[in-house]
Amino acid sequence: MKNQTFTSPHDLEGKIPLPQAVLLGLQHILAMFAGNLTPIILIAGACGIGAGSPLQVSILQNAMLVAGLVTFVQLFTIGPVGARLPVVMGTSSGFIGVCSGVAASMGGGVAAYGAILGASIIGGLFEGVLGFFLKPLRRFFPSVVTGTVVMAIGLSLISVGINSFGGGSGAGDFGSLPNLFVGAVVLIVIVVLKHFTKGVTSSSSILIGVIAGYILCAVMGLFLPTTYTNAEGAVQTASWVLNWDKVADAGWFSLPKLMPVKIVFDLKAIIPIAIMFIVTSVETIGDISGITEGGLSREATDKELSGGVICDGLGSSFASVFGVLPNTSFSQNVGLVGMTKVVNLYSIAMGAGFLVICGLFPKLAALVSIMPQSVLGGAAVMMFASIVVSGIQLITKDGVSNRIVTIVSVALGLGYGLGANSQALANLPQAVQLIFGGSGIVPAALVAIVLNVAIPKEKQTINHRFRRKII
């Protein structure tokens, strides 16, 4: 009788059994865990905060706690703040370029990191205010524009997924047979469970596939060589090997530290980072549109987009107080929603709670952090490609006309192409390179917005649809 009160995990507001919710929530955390910490490791290193130092460890711990808390706000909202959608938040990799530039221009050091945090507070508040005025700007983001942005997001992540599949682009054994074997096994397990089973095993296929990857790597360590010799002749541990020492060395419990770095307000940091917050708001609009289209088969409402962008901004300001870089919606999780169709807020909340627990119990966080890149890559190649599919669904939902083909072709060909190959922008000012170079998402979005305004709608296509409806 009690089971009759439960609903499907594909129901946004419903409640599902706790064990199932925990499994589905853990999937989301495994998909974003490494990406949540990587930007901090890179920028902290550029600012002279050493790897493994007490300050870096404190910031990384806070990053997990903040991501969980801000995700809760996106899920269940506080007034106008939050989308009330399965949006998972984390430290944004989109800010790596601009923050690296700020760190270099300020000579590095902890003071430069403090200036980045100060600029993030200002920029986050700016994005939060922008979110309140998003409704009148909505006309600039029809399905052809948001679909193009979603496609650009997916395309920018596919190479990331393949890099992970091969063992991580920085690994000396990248593309080795053991790495490819692990990635392939994880991918096969996910596909088999997704399409040849039903119920919990189907909806939790990502999590089960990742667990299978952990087990496979542990077994391989008993039979295969765990080290290799790199090009310089140094002996290194293979990237697929599980580093259990990291788990053993991690503490059991630790309270987060407020303002671990002194916050500095400097215009040299505020201006470029504030501009980047405008950029990330476009990406958030694309992520939310991808979630509603891929998971709910509809367009996002004005309230959802506005609340999501406001939470993006204010959540970043909140993160800065804990020494954490800006928080934004994670595109990896958009792909997971599109692939599994699991949108249940209760299940995603379990994942957010797990992030908070990781911020308090470092040993648990270490267990997740030792996941080999090839294990993550086995799941990522499918998840990231599904974002592209969601973008295609958005673009084609009202039919495909010559106008839409032109907008998408130019936006992806010129906009995404230039952004994804930043060397083509090498002779332009550094500010332009920081904003438009890298992922290609922003230039693709801008080109799509401009062409959508400039190219008139085709009356003949509209009349044809009208006649079809009458028939």
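A crossing of two helices is called left-handed if the near helix is turned anticlockwise from the far one by less than a right angle, and right-handed if the turn is clockwise. The model under discussion is a predicted one. In it, the crossing of helices H11 and H12 is right-handed. H11 spans residues 267-296 and H12 spans residues 302-321; their axes lie 9 Å apart and form an angle of about 135°. Angles over 145 degrees count as roughly antiparallel and those from 65 to 115 as roughly perpendicular, and H11 and H12 are therefore oblique to each other.

On the H11 side, the contact is made by Phe277, Thr280, Ser281, Thr284, Ile285, Ile288, Ser289 and Thr292. H12 contributes Glu304, Leu305, Gly308, Val309, Asp312 and Ser316.

Thr77, a residue other than glycine, has a positive phi, near 65°. Thr77 is located in the loop that runs between helix H2 (54-76) and strand S1 (89-91). With a relative accessible area of 27%, Thr77 is partly exposed.

Lys341 likewise is a non-glycine residue with a positive phi, near 65°. The loop that holds Lys341 lies between helix H13 (331-340) and helix H14 (345-360). Partly exposed covers the range between under 20% for buried and over 50% for exposed, so Lys341, at 32% relative accessibility, counts as partly exposed.

How values were computed
Residues are numbered from 1 along each chain as its sequence is written. This is a predicted model: local features need pLDDT of at least 70, side-chain atom pairs count only at pLDDT 80 or more; totals for chains, interfaces and linings use all residues. Side-chain values use heavy atoms; hydrogens and water are left out. Axes are lines fitted to C-alpha atoms, for helices over the stretch in contact, and angles run from 0 to 180 degrees between N-to-C directions. Helices (H or I, at least four residues) and strands (E, at least two) are DSSP runs, numbered from the N terminus. Angles under 35 degrees count as roughly parallel, over 145 as roughly antiparallel, 65 to 115 as roughly perpendicular and the rest as oblique. Contact means heavy atoms within 4.5 Å. Buried means under 20% relative accessible area, exposed over 50%, partly exposed in between (1.4 Å probe, protein chains only).
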